Amino acid sequence: MKSYFWGFLLSLVLTIGAYFAVVERAFAPANLLILVAICSVAQIFLQFVCFLRLGREPISEGVKQQILHEPTQWNVIFFLFTVLIALVIVIGSLWIMANLDYRM
Amino acid sequence: MMQHNEQHEVEAKTLFGFWLFILSDVVMFSVMFATYAVLLPGKAGGIGPGELLSLPRALGETLLLLVSSFTCGLCQCLRQSRVLTLLAITFVLGALFFSAVLGDFMHLVQNGNSWERSAFLSSYFLLVGTLLAHVAFGLLWMLVLIGQIWKKGMVASTQRRFLCLKMFWPFLNIVWVGVYSWIYLGGAI
């Protein structure tokens, strides 16, 4: 439960921090883009772990998620596979379209 | 006791199945993010996301959804009164978020920046609109669930539906973090 509050607080800090860095133009545009990227990826993983209990014991007393007690954590494996697919889709699309753009 | 174990097994299977649905939704949204990134230069002479979208409003919407996602998962115990209170708070915050984003859409369309304007705007409306449709169904889900818990109490079926909702709502917030960072903050840089 403690990690739940920490997850929320850190998400708030990352959201508001990224906002003010962009509004105040704290860094050069390229560095700002990297900062926003890091903040968003950090927050997404933070919320998967703290809010969706990825790879952790479920919060509710009422549930015993048997899948989590098996030696293989299938929900984590499927999550990692999904991350792989999502990366292939996003990076692959950008790569192919940039390449086409270059050759046209 | 035997029946109790069986019930837990059904619950675990449902939650795992719902987890797989959420992951398939992640893939769908990643396709839309890729589409948006590819079509971003296609403004057809119109203005880009930096001038078009309001950052302070986006921050307000992000905070609304983040707090609602926090209150949604706050019920550790499954006591009826507490679940109902937290669901009601989550619903109000979610409804405020929904109306705020819908207001942004109206504002864009009224100023002639609808999805028909350019490829960039089409992909913007596709991505944020799909997320908004998810939010609308989540809100409907909450209303129905509040009614069911009110009537039946926290029985096996309502408990299972509530646990699925507790996965679905924070997931929508995670997708919104991507929208906020890449479309709103990224567009303003």
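Predicted model: local features only at pLDDT ≥ 70, side-chain atom pairs only at ≥ 80, totals over all residues.
User: Thanks! And how should I think about charged side chains that sit together?

Analyst: The general idea is that side chains of opposite charge can pair when their charged atoms come close. Here, a search of the whole structure turns up three salt bridges over all chains.

User: Which residue does Asp104(B) meet in a salt bridge?

Analyst: Its partner is Arg57(B), with N to O at 2.6 Å. Arg57(B) belongs to helix α3 of chain B and Asp104(B) to helix α4 (residues 80–110) of that chain, so this pair ties together parts that are 47 residues apart in sequence. Arg57(B) itself is partly exposed, at 40% relative accessible area.

User: What network do salt bridges with shared partners make around Arg57(B)?

Analyst: Arg57(B), Glu61(B) and Asp104(B) are joined into one network. The link between Glu61(B) and Arg57(B) is a salt bridge of 4.0 Å, N to O. These two are four residues apart in helix α3 (residues 55–72) of chain B, about one helical turn.

User: Is Glu61(B) buried or exposed?

Analyst: Buried: the relative accessibility of Glu61(B) is 2%, and the cut-off is under 20%, so Glu61(B) qualifies.

User: Where do Lys13(B) and Glu9(B) lie?

Analyst: Both are in helix α1 (residues 2–39) of chain B, four residues apart, or about one turn of the helix. For accessibility, read each partner separately. Lys13(B) counts as exposed because its relative accessibility is 57%, whereas Glu9(B), at 39%, is partly exposed.

User: Let's turn to chain A. Which residues make the nonpolar surface patch?

Analyst: Ile96(A), Met97(A), Leu100(A) and Met104(A) make a patch of about 470 Å². To read such a patch, place its members along the chain and then check their accessibility. Take Met104(A), which lies in the segment after α4 (74–103) of chain A. The relative accessible area of Met104(A) is 83%, so this residue is exposed.

Note on methods
Residues numbered from 1 in each chain as written. Chains lettered and ligands numbered in written order. Heavy atoms only, no water. Salt bridge = Lys/Arg side-chain N within 4 Å of Asp/Glu carboxyl O. Buried < 20%, exposed > 50% of the residue type's maximum accessible area, 1.4 Å probe, protein only. Patch = residues over 30% accessible without salt bridge, like charges linked within 9 Å, V, L, I, M, F, W, Y side chains within 5 Å. Areas by Shrake-Rupley, 256 points an atom, 1.4 Å probe, with all protein chains shown as cover.
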